[in-house]
Structure formats: structure tokens, C-alpha cells
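Q: Please take a close look at one part of this model, the surfaces through which the chains meet. I would like a single connected account, with each cut-off stated where its term comes up.

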Amino acid sequence: KFKGAPEISDGKGWSFKPRGRLLFDAAVVDAPRGIVDRGLGFSNEVRRARLGVEGTIPGGFGYKFEADIATGDAELTDAFLDYKRGGLTVTVGQHNTFQGLEELSSSNDTSFIERAAFTDAFGFERRLGVSAQYQAGPVLAQAGLFTDNAADLSNDENNGVGGDLRLVYAPMLGHSQLHFGVSGHWRDLGDAVTNVRYRQRPLVHTTDTRFIDTNSLGGATKETGYGAEAAVIAGRFHAAGEAFWQTVRRTGAADPTFFGGSVEAGWFLTDDTRSYKGGMFKSMKVKHPLGSGGIGAVQVNARYDRLDLSDGAVIGGVQDGYMASLIWTPVDHIRFMLNYAHMDYTNATVVNAINGDRSYGVDTLAARAQLSF
Amino acid sequence: KFKGAPEISDGKGWSFKPRGRLLFDAAVVDAPRGIVDRGLGFSNEVRRARLGVEGTIPGGFGYKFEADIATGDAELTDAFLDYKRGGLTVTVGQHNTFQGLEELSSSNDTSFIERAAFTDAFGFERRLGVSAQYQAGPVLAQAGLFTDNAADLSNDENNGVGGDLRLVYAPMLGHSQLHFGVSGHWRDLGDAVTNVRYRQRPLVHTTDTRFIDTNSLGGATKETGYGAEAAVIAGRFHAAGEAFWQTVRRTGAADPTFFGGSVEAGWFLTDDTRSYKGGMFKSMKVKHPLGSGGIGAVQVNARYDRLDLSDGAVIGGVQDGYMASLIWTPVDHIRFMLNYAHMDYTNATVVNAINGDRSYGVDTLAARAQLSF
Amino acid sequence: KFKGAPEISDGKGWSFKPRGRLLFDAAVVDAPRGIVDRGLGFSNEVRRARLGVEGTIPGGFGYKFEADIATGDAELTDAFLDYKRGGLTVTVGQHNTFQGLEELSSSNDTSFIERAAFTDAFGFERRLGVSAQYQAGPVLAQAGLFTDNAADLSNDENNGVGGDLRLVYAPMLGHSQLHFGVSGHWRDLGDAVTNVRYRQRPLVHTTDTRFIDTNSLGGATKETGYGAEAAVIAGRFHAAGEAFWQTVRRTGAADPTFFGGSVEAGWFLTDDTRSYKGGMFKSMKVKHPLGSGGIGAVQVNARYDRLDLSDGAVIGGVQDGYMASLIWTPVDHIRFMLNYAHMDYTNATVVNAINGDRSYGVDTLAARAQLSF
């Protein structure tokens, strides 16, 4: 049975499926004339190049094992073993820390070329740990204990540890799927980490320029985060919103709290709908694929995305993004995206050399070609 | 259906096949006594270790995704998505830039342990880009726009871009396959690259010593290249030849043009023939494999290979290689090679310390064991 | 047919199977209070994350190709091509150098979280080379010529080369499997390597602290090693022991000989037994798996493990480890381990800062979750 790649199974608990993902991005970032930075203008990259496997083993066990090799290294992404029994799933290994709806949903299925600005800024990543989740009808509870990312654990002095908790209520209202979620995150940075830094790119990952940036916050000992989520899928329409507050505990300095949040709405021009399961958006199924009498699925989305990295004495700047995206999914497993964003900056850390301005606008146009299975 | 690895397909447009390649090389390079270099003499390495996947998706889409992990990194090789309709193929992602017959043919199928000296010297590589090719009977036209190699694009200041064009006419003459090709290549190096360097090893890749080398050519802004190709396969016999002129445009310095070219001829001692399709040599099919009553395929090849890296004020040296190879392919997907080369150097950049000579001969003996699927 | 992952074969010589391995480790190392080292205490890591393929090709050929990506690089492990005919196997590529019973057995199947201290200390690793082995009833002879690890061969000045020989006699005594083995190893370090260093961690790999360490031994030119092995599997019981003497030949200094050895015994609490074939322990088959009416296999093991890195003027220290392990294998391909070790050090190279003591005890508690196929 093909799900992009063949899923081989024996009907008795054994299954195996290769996993792959290729995302190619190109973008133009247009900043005011007084900002001279060769990382702006045109840039392009292999955004993700992942190869891996997943499968199940009789007795309730399963696994996912994938690496990203887009940049010449082999970075572990999902690499875990799980055990399922009834509504319970216990997972050990590197996996996501229940950060929120958009972060947990695959990058194959997002409405924009990158997730909301805060998800990257606040250091969301997969970490080595143990977690349990329980699903009972529309209620999903997830809790885990995590140390750090596999790459960061090659430092044997890294003894950071954290706990993460997420609760989701996702009822059906008629034919509409609703989603409400809250999450809490606590993390002791450990003895090897004494500072944190939050910053973010202007929507696209192809540039390394960040207009807002807290720079290194010294004396950091702990991070706490609280998130709230809501979403609805109603036929061709969907809307989703998230808000997240991240606080850094510091020794000998104030404890700043930063905020990020986004709201989006989307509409399929074709007779299609987004897919949802287990507290996440899932890959949509194209109703009338190209080559079978259709043109595939076409979706338009709009988003407002805010990231505020200023609090008290820390002036990291504020980024307000106004974004539009057009997504064409000719067949399942392949899609093409076109994104436009206007970013409004306040107290940006990149100064306009002509007028000394730190509040200005930046425009971004981006395209992606994507294969995933 | 096994093609080295199993190709899984459903007959309705879905298919999937793992890809793999292991090439183990050992060589001895014998230079004059006055050249003391511990990288000469015996050397050996894992030349290529590639793992990947390829497949097709209903609607005309397909992909290839492979990485080379021979040296501890994971270097993307082919990583692209394509769309085929009739004779048209549109490709997006990292792929070859239509450099020429031998470069486009797989390293699994070359007649010698390394390709002609100019292919490596002039920086032929896969790059991220978009291309189209159209095949109509014996005529093949290929054109693409490319930026740079995925690894080099991790520098967001890299805004190099180029265009590549290749035309092939490949008619049958009786039972003989003919091949004629020309190609043109233009590349703006962009703001992040201001110099280029061309150099080449003495046939084998196991040593890092280059006897000819332009060293860094400063002020470089553009590269242009022109290639011509011809080949014939007639039963057990084949011959192939290529020539390539590479010019560097420079600011504040002359624009040198370098030349590389090679001619080869080969003969199967067994009742076998080389394979050709789509403007490339393809993997041969052994008629009488080992273990099925035969001894596999045995082929001998001879080649003259010239690379001239001297032009005007740039004295990079000239390398004339006289080479012979013996290839045993016991079964499809496995082969063993033995290569001998005598390299004649003129104005080499490595000086013989005894007599100050820069013109001398170097002998190379090399062996390879190969698995590919 | 599933062997963890599906093995696809056509019954006529073709076969293909994906390979994968995920080992997650966490440990606490408790040293005397005077030893302040942030790498001690709690540490955790992805110990192994391997992905690869293996297969056979008609005519007697086969291959294994795997890489470890646990730490962000892609390190080749097994990467070879082999040819089998009758009891003879010829192998070319990167593979193990017939070091001894436990090193040759997969890390999926060891009785403790790490192998005997000497196997890592004496630099056992896979190397590029050519080998032959011949099995005739209970007798197995293995011999090979090897250069170096693929990663180390990226230095073209590396011309180290060595020879390895191993003889095994493995008769059945009633229903008991016996194993006796000896091995000899000779290695010329070559011109690029002029010193060696032997050291070892306190059982677990999650910490990088080594309490014993020869530090750099200069003037090294050659290594020779001799090993002896014995083992028995009798129903639920098994015992195994190995001893290994490693000598460094040096210019202008004495040639020290270091010793390592271990003895272990284990017992399945469930009706299970270890598996053995071809001079190695192999993966056990769980008789009553979880989810099929059983609880899986439960095994307890005890081990004494000594490593003596002191000889003559070299005072690298002695480590005596007393270890216990509990292994739960709920189903084939998955297991969980709990290990405890008390390490007694004599002349450790890490000095207790409080009392200047170099002889003390260290306690280690370690856990692993493992998936392998």
C-alpha cells in the first residue's frame, strides 16, 4: 500500500514504511535602502532533506527514525520508540516536547513557508526524553520529561532537564472540527548553559539575517513557557490561533517575559479540506488530483504573526508580520507554495544606517517546491 | 522486481526503489624521486558511499534523493522532484547542470576509475535549480537555471546564478548508437565568491596531491564553458570523446581560457555491449553472469586525457594522461576495475626538488571494488 | 518476511532488508567527593542511531551498508561487499578486524550496556580491507588485511596497514554450545600516526571522563595484540570470558604491554537462551513475547571486567569493574537494560583533589532503551 512510499505490512502487527522529505526554497527579502546586508535580497536553499523509516512491531511497539541532511550534517529529527495500548502512548527517544499545535504539526502541512515566528525564536526543538499521552474521545493529555537535543547531548556536561504538559479538547461541532489546547513548559538549563538568545528571521529561512534579537541574555538558569491554542476546520475553511509566553529566569538580572502569537485563516478554492488527528494538523488528501481529471488542491491563507522580544531592560524588538500564502497541491505528497509577507519592525536590532531608524518595514516574497512521504 | 534493490510498484503510477553505492579504491602513485610528498605512494579510501531512494507518484511526478556519506558528512547528491509529460521533463531541486556526456553518466558506469580530468578541475557539480529537457526521437534539448550546491547555499550571501544548455543528437546507424552533443554554460559567481581555482589529481582520488593547479585566480566574476561530445557504441566496441573550454571573467586581470578533453575506446572481451539512453551512458546488463554459467563481462579501455591549465600569465601546468583500464563485471550491480595511467606533466606546479624540473612523468596504478543499485 | 524490517527476496538469490538501530542511554556516575567534574553525575545521549541496508545478489554476492548518525555526523559502520561459496566468505570494504567474540557480536546483543573495557581502550574499530573466512563444521578461520577506518583515510598520508587472524573452535557438547577462540593482530601505524593513547570510561559512554588513561605514547610505530576467548551456552545459562594483550612498539622508548579481560555469566529467568552462529553471539529469539501471552525474556548477568593500562614507566592506571545487568526483551528487536557497576581504580589518572588519592571507587547506574532490526 502506497502512502507516498510503500507501507509494507503483514496484517499481524508488523509494518514498515520509508520516510522522505525534500523542501526547496527561494526568497527575496527587501529591506530599506539604509540596511546593507548581503544576506538579504535573493537567497535560496535546500530547506529540509529528510530520510528515514517508521514501523510497528507486534505487541504494541512502534518507531520513527529520521534524519535531516539538508546542510551536510546528519541531524536527527524524530528518533523514538513507542508503545501503544488503548488510548495510551508511551514514547522514549528524541521527539517533540508538546510545544503547541503548529509546532507539532509536520512542516509538510503548514499554511505558510515557516511556522509562527515564536516557535523558532523560543527554541522549540525535539529533545531526548520519555513521555506519555492519553487520548479519550475528544480529550488528549500529553506529558513528558526531556533533557536536550541529541546533538547538544554530545557535551557530557549538559544536565539540563525539563517537563512539558499539554491538554487538548477537540470536539466535533456538527461537521466542524474544533481544537482547544493549553500547554505548560518548564526547563532547568543545567550547569552547561548559562545564557539564552531569542531572535527570528523575516519569515523565510533562506536568509540568516534577524531584524529582532535579544542577543545573549546572561545568568539564565530556567525557562518557562505557557501556550494557548484554538483552531477550527469547517469544510474548505480553517482558522487557527496560538499565543505563547516565554520567561527566562536569571541570576542577578530581571526575568523577562517575551510574547509570540499568530492567527491565520485559510480557504480551499477547490473542494478540499484540511485534515486533523491526535491534536495536530495532518496531511490533506487531494480530492481531484492532477492526472486524474482534476487540477489538485488550491488553498489561500492569510496570517497575522507577532513576536515581541522586548521586556523591561531587554529591547530585542517587535516583529509584526502580515502574510499571505497560495498553496497548490497537485497530488498527495507534492506541493508548491508562494508566500508574501510584510514585516513591520519596532525597535529592531538592525539599524538603518541612513537615518538611524530602528522601526521600518521589510517585504518578503518566497516560493517552495516540496516532496514528502 | 529487483534492480539491485527491489523496485516496488503498483502498476498505476506508484513506484519506489532504494538506491545504494559503495566504491572502494586503492592506488599507488609513483612520482620522480625528487618529489617528496607523503600523500603519494600508497593510498586508499571509500570513494563513494551513497544511500538514497527514488520513486514515482501518479500524475507524472517522480523524485530521486541520495546522499554520500563516504567521508563522515552527509553530502546531498541528486535531490530533486521531477514532472514528466510526453517527451518533456521538468526538474526542480539539486541535479546536474548538463555538463557533458561523461559527467552526466553515473560514476557506476564510467570506463575509468575517474572521469576525464577537466570534469573535476572545472568544478562540475550538482546545483540547486530548475531545468527542462525535451526528447523527440534522436534529439534531446536540455536547459536549466542553477544557483549553487546545497552545501554552499548554507551561506546566505551566496547569490551566484547560472544558465546551462545542452543539445544532443543521438541517431542509430544500423545497429550502432551514435551520439553528438554540444553544451554552453554561463555562471555569475555572485557577490560571495571572488576567486576560482582549477586543479586536478593524477587520475586517482585517493591522493590529495595535485601536480597542476592554477592556484587562486582573484577578481573572478563569471565563468563560461563550452563543450563538445561525440560517442559511438557498436556491439562490443565503443568510443567517446569530449572537449571543454572554460573561461574565467576577471576584474582587473586577463580572462584566461583553459582546455580539457579526452578520447577513449573500449572493447568487451565477452559478448557484451555498453548501454545508452537519454543522452547518457547507462548501466550495462551482463549477458552471461557469474553463477549462471558465465564469467560475467570483461572490458578493456584505453584513453588519452588532456588538461591544460595554462593560459597567458596563468601557468597552472598541463597534464597529459595515457590510460588503460580492465573492468570485470561478474554480475549486474557489481564490478571490479584495474587502472594504469602514465601522466606527463608540463609546467607542473609541484617542483622536483632535486633538479628543479617542472616537467616529468608520474605513474598511477589503481583498483576499485564496486557495488551499485 | 519480517525480521524487524521486511526482508524482500525472490527466492532466486536476490534479497534486500533495511537495517536500523536506536539506542538511548541515561546514566549516573558517582565518584568520590574530591573529584569535581561536570561530566560526572547524570548524563544521557543517543548512543547509536544507525540506518542502512543489506542484501544479496545472485552469483554469491552480498553486502551490508550502514551509517551511525547519533552525533550529527554520518559515520560509516559496516560498509562492505562479500562473496560466499561453500564455507568460504571473501569480504572487501569496511568491516571488523576479527578482534574477538564480544567485539564481533552486535552491540544489540551484548550482556552489558558497553562491551569489556579493553575493546574500546585498545582502539577496536572497523577498517577498510580485504578478508577471507572459512567455516568447516565447528572450525572457523578468519584472516584479513586492513588499512584504517574510512574517516581516518580522508588523510591521504595515512598509509597504516595491518593483518588480523582469528581461529575458532565451536563444538556442541550435548545440547551445549561451546566456543574457544584465539586471535592475533599486527599493525604498522604508518607515517601519519606517531603516537597512540589508550583510555576508558567508567562503563557508560554517556560521560567523557576517563579515570584511567595512558595519555599520548610518543614514538609509536606498531601495535600487536593477542586475544583468547571462551564461552558456553547451556539452555538458560551462558558464560563467556576474554583476555587481550596489546603491545605498542616505540622508537626511543620501551614497548609497553597492556592487558584487558573480562568474565561474565548470565541466566534467563524466562525459558529463553542466547543465540550463537559463525563465531559470534547473535540476536536471541523471545519464546513468549509480550502481547502473545508472555512477558518477553528476562535475563540477569554478572561480570568482572579488568583493564590494566600500567606497564613499566607508563602508569595509566588499573580499572576493576564489578557489574550486574538486568535485561528485559519484551519482543524481538526491542530491549531495555539496567546496569550497575562498581569500578575500583588503582593509580587512576584522575586525582582526588581532597586527599590526593589515585585509588578509589566509582559507582555507575545506567539504563538503555533499544530498538534494532
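A: Contact, the term on which the whole account rests, means heavy atoms within 4.5 Å. Residues are numbered from 1 along each chain as its sequence is written, while chains are lettered from A and ligands numbered from 1 in the order in which they are written. The model is predicted, so that local features need pLDDT of at least 70, side-chain atom pairs count only at pLDDT 80 or more, and totals for chains, interfaces and linings use all residues, with side-chain values taken from heavy atoms and with hydrogens and water left out.

The side of chain B that faces chain C comes first. Here 40 residues of chain B and 37 residues of chain C make up the contact. About 3000 Å² is buried between these two chains, 74% of it from carbon and sulfur atoms, where buried area is the accessible area (1.4 Å probe) that two parts lose on being put together, summed over both. One salt bridge is counted between chain B and chain C, a salt bridge being a side-chain nitrogen of Lys or Arg within 4 Å of a carboxyl oxygen of Asp or Glu. That salt bridge joins the side chains of B:Arg38 and C:Glu157, with an N to O distance of 3.5 Å.

The most is given by β5(B), with eight residues. By type, the chain B residues that touch chain C are 22 nonpolar, eleven polar and seven charged, with Ala, Val, Leu, Ile, Met, Phe, Trp, Tyr, Cys and Pro counted as nonpolar, Asp, Glu, Lys and Arg as charged, and the others, Gly among them, as polar.

Towards chain A, 37 residues of chain B are in contact with 40 residues of chain A. The buried area is about 3000 Å², and carbon and sulfur atoms give 74% of it. Of what chain B buries there, 22% is supplied by B:Trp14, B:Phe65 and B:Asp156, more than any other three residues. A:Arg38 forms a salt bridge with B:Glu157, the closest N and O atoms lying 3.5 Å apart, and six residue pairs (both at pLDDT 80 or more) are in polar contact between chain B and chain A. The elements of chain B that give two or more residues to this side are β3 (8–9), β4, β5, β6 (61–68), β7 (75–85) and β8 (88–95). The chain B residues here divide into 22 nonpolar, nine polar and six charged.

How are the copies related? Chain B and chain A use different surfaces, since 11% of the contact residues of chain B recur in chain A. Chain B is likewise superposed on chain C by a rotation of 120° with 0.0 Å of shift along its axis (RMSD 0.0 Å). Only 10% of the interface residues of chain B are also interface residues in chain C, and therefore these copies meet through different surfaces.

How values were computed
Helix = DSSP H or I, 4+ residues; strand = E, 2+ residues; numbered from the N terminus. Polar contact = N/O pair within 3.5 Å; in protein donor to acceptor, adjacent residues only side chain to side chain. Least-squares fit on C-alpha atoms with pLDDT ≥ 70 in both.
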